[in-house]
Number of protein chains: 2
Amino acid sequence: MSPSPPPLDATQLGAYFALIEASSMLKHAVEQQLREAGDLSYVQFQILATLGDSPAGSRRMTDLADGVVYSRSGLTYQAQTLEKRGLVTRTPSPDDERSVVVTLTDEGRAVLASVFPGHVAVLDDLLFAALSRSDVEALADILGRARDHMRRTPPRSAGQRRRRKTPEEDPTPSRPR
Amino acid sequence: MSPSPPPLDATQLGAYFALIEASSMLKHAVEQQLREAGDLSYVQFQILATLGDSPAGSRRMTDLADGVVYSRSGLTYQAQTLEKRGLVTRTPSPDDERSVVVTLTDEGRAVLASVFPGHVAVLDDLLFAALSRSDVEALADILGRARDHMRRTPPRSAGQRRRRKTPEEDPTPSRPR
DNA sequence: TATTGTTATACTCTATAACTATA
DNA sequence: TATAGTTATAGAGTATAACAATA
């Protein structure tokens, strides 16, 4: 029948669960705070915050989508929502007529500012309260490397051509329906 | 009102972003694999996996909900979906007529088994490939502490709701029995 | 032809509230 | 009264494919 599953050891399992559970709980708490304080979803906050960190508070749709992994249409949906609320504007790019430049409005900045203190408070209470200085440094280092690696690694079923190594390992049990 | 709360320093910000981004990318990849390999969402996988680790493959709805933080109605929805697919059964509890016991079927176990190798492969490729042994140990330790702290910390603006305080029962944070 | 973005659409998931029934 | 679970329902979010306009 099925070959014995390539096992993770207890430490790996612990790291995986802790990562998923901690990030899930943290994100959940942060989402609640953002919703209450500024009626923003996490994605919307990410978009506004990205714009706030950009020169002139502006960014092209495509560049925004690169930072916030979702689909183009999903970004369009969010941009429309934010524009209706007056938090961003969308204007055709002068350089490339195909492009749309999204820009943070003053009101967008205001909402961002009004939400930020509570945001930081949640992080302090939930994440940093339990961690030492060196813990935080280690987290930033380790997870930063992990994130950079993931960014460089193509989705396994998308490229599908180049396998990395170990031809003995057969990872894809492709079982539709 | 307080003007500005203690801002986050660069390291804290780095740790926060790395945590959110890494977990987001990892979860996204895992969800894709679960969908392709077994047509499962992450929550559904968590439910099946939780049952798979439970005695007799059974658990009460409420106990399942405690492990998977969502609302009761959300769990009902998922349980119905899984039951329609024949992956779990739902039967009234003999002990307490109000309760419903969810049990993993053989087919549920089969799907779980068919999905698991690819699941592990994604973790190996995306998460563990970039990390040393001691990195993984540090992650498990630090994030484990963070998670435990979050579990103990009540939501800030929410009144404490359901709490099960049976002193003899349920003192274990992560892996019961 | 390739890229940028929008629209249309369908579907999944989650949350709230009202409800039933058991304890 | 409190707890266990379901139902009804509504809304947000996401993904895909077809599409238009520009490069």
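Predicted model: local features only at pLDDT ≥ 70, side-chain atom pairs only at ≥ 80, totals over all residues.
**Surroundings of DNA strand D**

Among the atoms of DNA strand D that lie within 4 Å of the protein, 74% belong to sugar or phosphate, and the rest belong to bases. The largest share, four residues, comes from H4(B). By residue type, the surface near DNA strand D divides into five nonpolar, eleven polar and eight charged residues.

**Surroundings of DNA strand C**

DNA strand C is likewise surrounded by 24 residues, of which A:Thr62, A:Thr76, A:Gln80, A:Arg90 and B:Ser73 are the closest. Of the atoms of DNA strand C within 4 Å of the protein, 73% are part of sugar or phosphate, with the rest in bases. Here helix H3 (61–67) and H4 of chain A, together with helix H2 (42–52) and H4 of chain B, each provide at least two residues of the nearby surface, and H4(A) gives the largest share, four residues. The residues of the surface near DNA strand C comprise five nonpolar, eleven polar and eight charged ones.

**Contacts with phosphate oxygens**

| Residue | Protein atom | DNA strand | Distance |
|---|---|---|---|
| B:Arg60 | polar side-chain atom | D | 3.4 Å |
| B:Met61 | backbone N or O atom | D | 3.3 Å |
| B:Gln80 | side-chain N or O atom | D | 2.5 Å |
| A:Met61 | backbone N or O atom | C | 3.4 Å |
| A:Thr76 | side-chain N or O atom | C | 2.5 Å |
| B:Ser71 | backbone N or O atom | C | 3.5 Å |

**Strands of chain B**

B:Arg60, whose side chain has a polar atom 3.4 Å from a phosphate oxygen of DNA strand D, also has a place in the strand pairing of chain B, where B:Arg60 stands opposite B:Val101 in S3(B). Strand S1 (residues 58–60) of chain B pairs with S3(B) in the antiparallel sense over three bridges. Strand S2 (residues 88–92) of chain B also pairs with S3(B) in the antiparallel sense, over five bridges, and in that pairing B:Val88 stands opposite B:Leu104. Is strand S3 (residues 100–104) of chain B largely enclosed or largely open? Because four of its five residues are buried, strand S3 of chain B is largely enclosed by the rest of the structure.

**Relation between the two chains**

Chain A is superposed on chain B by a rotation of 180° with 0.0 Å of shift along its axis, and the RMSD is 0.1 Å. The two copies are therefore related as by a two-fold rotation axis. In chain A, the C-alpha nearest this axis is that of A:Ser23, at 3.3 Å from it. Both copies are served by the same surface, since 93% of the contact residues of chain A recur in chain B.

Terms used. Residues numbered from 1 in each chain as written. Chains lettered and ligands numbered in written order. Heavy atoms only, no water. Buried < 20%, exposed > 50% of the residue type's maximum accessible area, 1.4 Å probe, protein only. Pairing = 2+ DSSP bridges. Near = heavy atom within 4 Å. Polar contact = N/O pair within 3.5 Å; in protein donor to acceptor, adjacent residues only side chain to side chain. Nonpolar A, V, L, I, M, F, W, Y, C, P; charged D, E, K, R; others polar. Least-squares fit on C-alpha atoms with pLDDT ≥ 70 in both. Contact = heavy atoms within 4.5 Å.
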